[in-house]
Every structure is written in structure tokens, then in C-alpha cells.
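Good morning. Please have the sequence and the model open while I talk.

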Amino acid sequence: MRQKLVAGNWKMHGGLATNQDLLQAIVAGSAVLRGVSVAVFVPYPYLFQAQSILSATPVAWGAQNVSEYPQGAYTGEVSVSMLQDFACRYVLVGHSERRSIYGESDAVVAEKFSLALSSGLLPVLCVGETLSERESGATIQVVSSQIRAVLDKVGVTAFSTAVVAYEPVWAIGTGRTASSEQAQEVHAAIRALIASFDPEVAQKLQILYGGSVKPSNAAELFAMPDIDGGLVGGASLVAADFLAICSAAVC
Ligand code: PEP
């Protein structure tokens, strides 16, 4: 059985004092949870703080983005080796806010995925359709082509040390969640796509759902056979809500 993973994406929120309270509450609250992995994706400046507070705990941490270049004259960018300096386990690649606001293409996302993986980080590949794509019946095609762009670059074996997060764009930060059936349908299609290349990798692949996950809907989503946990934005900033979502992932 696949281990569930619940990860908080703090986006551009936080501050030293509030982070400390939040991280300490997550450590305390998650200590009693069995069979679920917990992670937080913090803004770059707080990686050192996350490392200091979380190092001796089971809670993992990571960054929300990384450069597609290993080093060089890329003002404002952060490299994989810099993330490794702060012992990140995970890194998000291709979050829809990166794709839509910063114009990250499938090709750039694939570069980031590849570089992260070859440096020993676990990339969390975010994919998902817009509302108009869903309404035109293109959901599976859009999500498949986002994954194919990475598969074509790195091959299926790379997915044995990666995570996929299905995040319908229309559900992110909107309070509108995909129904558990809608999410399951896409998760199953993602697993089937990976299985068409390697069934064993597909069976082991953690596929998270993201998009307005809340304490009130987490259990239903996590009960679906192909939903292996959640990527949580807004609700991950409130310790009690995030911990309630983590508890919903306990089998
Ligand atoms: C996200 O940022 O990945 C996300 C899913 O946000 P929210 O939970 O706020 O919809």
C-alpha cells in the first residue's frame, strides 16, 4: 500500500515569528500521526528556519520552485544545490501559479524536474487543467500532455522517485474543490498513463490532490483509491486545519 503524504504549500505567506509557531504546532500535532508523511513547502528565505526546527523531526520540508539552470548569471533565481544546502527533501515544480503568472512552459518544468531529480531532490510535479479546459472536456488530454512533457525528457523510471500533484486550476484558492469522483477519475488516468510505460512504477507513484482541500473534505478525497494525500495551500497556514487534514490521511 502506498504511504499517504500531506504537504503544505505556504505560497508567499509567513514571517519568522508566525512560522515558528506554525512549525512547532505541526511538529507537536503530527507526532501522534501514524502512516502519513507530512511536509511543508516554505518560501526560500525560511528554508534555514524550517531546517532548524524540523531537522530532528519526521516533518520534511522543501521549496516551492527551483531554477532550471544549475548555476550562473540568473539574477533572482535559486539553484538545486542551494536547496540541498538546506537539506530540502522535496521541491515543487510546475505549480499552476508558476505556469500561469510566470509563464513556465512544459519544457521548462521538465528541465526543473530533471535537474532536481538528478541532484537527489524529490520533485513534486504539479499538473492540472483550467476551468475552460475542463468545460471543453479536455481535462485528461491537458494533464496527460503536461506529464508526457516530463516523461519524454526523463523516462518513466524517474517517476519512481517523484510525486505528482493533480491540482485543477479552477479549484486552487477558490474554495471550490473537485468532487472526490472528479479527482479520482483524473488520478486514475494519470496512474494509467504511467502504467502504460511501467506498471510497477505506476503502482508505487504517490499522486496527491490539491485544490481547496479542507478539514471538511479531506477524508472523502483521501478515501479514493488513487488519491495518496494532498497538497494544501490556504488551509496549511492554520495549524489546526492542516493537522486535521493530516489526520484524515491516517489509514
Ligand atoms: C496550492 O497552492 O497548491 C493549493 C492547492 O492551494 P489551495 O489549497 O489554497 O487551493
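Is Asp228 buried or exposed? Asp228 is buried, since its relative accessible area is 3%. Before I go on, please note that this is a predicted model.

Let me stay with Asp228 and turn to its partner. Arg2 and Asp228 make a salt bridge, and their closest N and O atoms are 2.9 Å apart. This pair links distant parts of the chain. Arg2 sits in the segment before strand E1, which covers 4-9. Asp228 is in the loop between helix H10 (215-222) and strand E8 (229-232), and 226 residues separate the two. Arg2 has a relative accessible area of 17%, so Arg2 is buried under a cut-off of 20%.

The model has 12 salt bridges. I will show two others. One of them joins Lys153 to Glu111, with 3.5 Å between the closest N and O atoms. Lys153 is partly exposed at 40% relative accessibility. Glu111 is also partly exposed, with a relative accessible area of 34%.

Then there is Arg134 with Glu129. Their salt bridge has its closest N and O atoms 2.8 Å apart. Both Arg134 and Glu129 are buried. As for shared partners, salt bridges join Arg2, Arg191, Asp226 and Asp228 into one network.

Next, the ligand. Which residues come nearest to the ligand? There are 14 residues around it, and Lys11, Glu167, Gly173, Ser212 and Gly233 come nearest. Sorted by class, the shell has 4 nonpolar, 8 polar and 2 charged residues.

Some contacts can be given with distances. The side chain of Lys11 has an N or O atom 2.8 Å from an oxygen atom of the ligand. For His95, a side-chain N or O atom is 2.9 Å from an oxygen atom of the ligand. Gly173 takes part through its backbone, where an N or O atom lies 2.6 Å from a ligand oxygen. On its own the ligand has 290 Å² of accessible area, and the protein covers 96% of that.

Where is Lys11 in the chain? Lys11 is in the loop between E1 and helix H1, which runs over 16-30. Its phi is near 50°, a positive value in a residue other than glycine. Lys11 has a relative accessible area of 19%, so it counts as buried under the 20% cut-off.

Ala87 also has a positive phi, near 55°, and it is a residue other than glycine. Ala87 lies in the loop between H3 and E4. With 38% relative accessibility, Ala87 is partly exposed.

The model holds 5 aromatic pairs. In one of them, the ring centres of Phe48 and Phe86 are 6.4 Å apart. Why is this pair called edge-to-face? The planes of the two rings stand at 80°, and an angle over 60 degrees counts as edge-to-face. Phe48 is in helix H2, residues 47-54, while Phe86 is in the loop between helix H3 (80-85) and strand E4 (90-93). The pair therefore ties together parts that are 38 residues apart in sequence. Phe48 is exposed at 54% relative accessibility, and Phe86 is partly exposed at 29%.

Two more residues, and then I am done. Thr174 is in the loop between strand E6 (163-166) and helix H8 (180-195). It is partly exposed, with 45% relative accessibility. A polar atom of the Thr174 side chain lies 3.4 Å from the backbone oxygen of Ala171. From C-alpha to C-alpha, Thr174 and Ser30 are 27 Å apart in space, and they are 144 residues apart in sequence.

The other residue is Ser180, which is found in helix H8. Ser180 is buried, with a relative accessible area of 4%. Its side chain makes a polar contact of 2.9 Å with the side chain of Glu220.

Definitions and conventions
Residues numbered from 1 in each chain as written. Predicted model: local features only at pLDDT ≥ 70, side-chain atom pairs only at ≥ 80, totals over all residues. Heavy atoms only, no water. Near = heavy atom within 4 Å. Polar contact = N/O pair within 3.5 Å; in protein donor to acceptor, adjacent residues only side chain to side chain. Areas by Shrake-Rupley, 256 points an atom, 1.4 Å probe, with all protein chains shown as cover. Nonpolar A, V, L, I, M, F, W, Y, C, P; charged D, E, K, R; others polar. Salt bridge = Lys/Arg side-chain N within 4 Å of Asp/Glu carboxyl O. Helix = DSSP H or I, 4+ residues; strand = E, 2+ residues; numbered from the N terminus. Buried < 20%, exposed > 50% of the residue type's maximum accessible area, 1.4 Å probe, protein only. Phe/Tyr/Trp six-rings, centres within 6.5 Å; stacked < 30°, edge-to-face > 60°.
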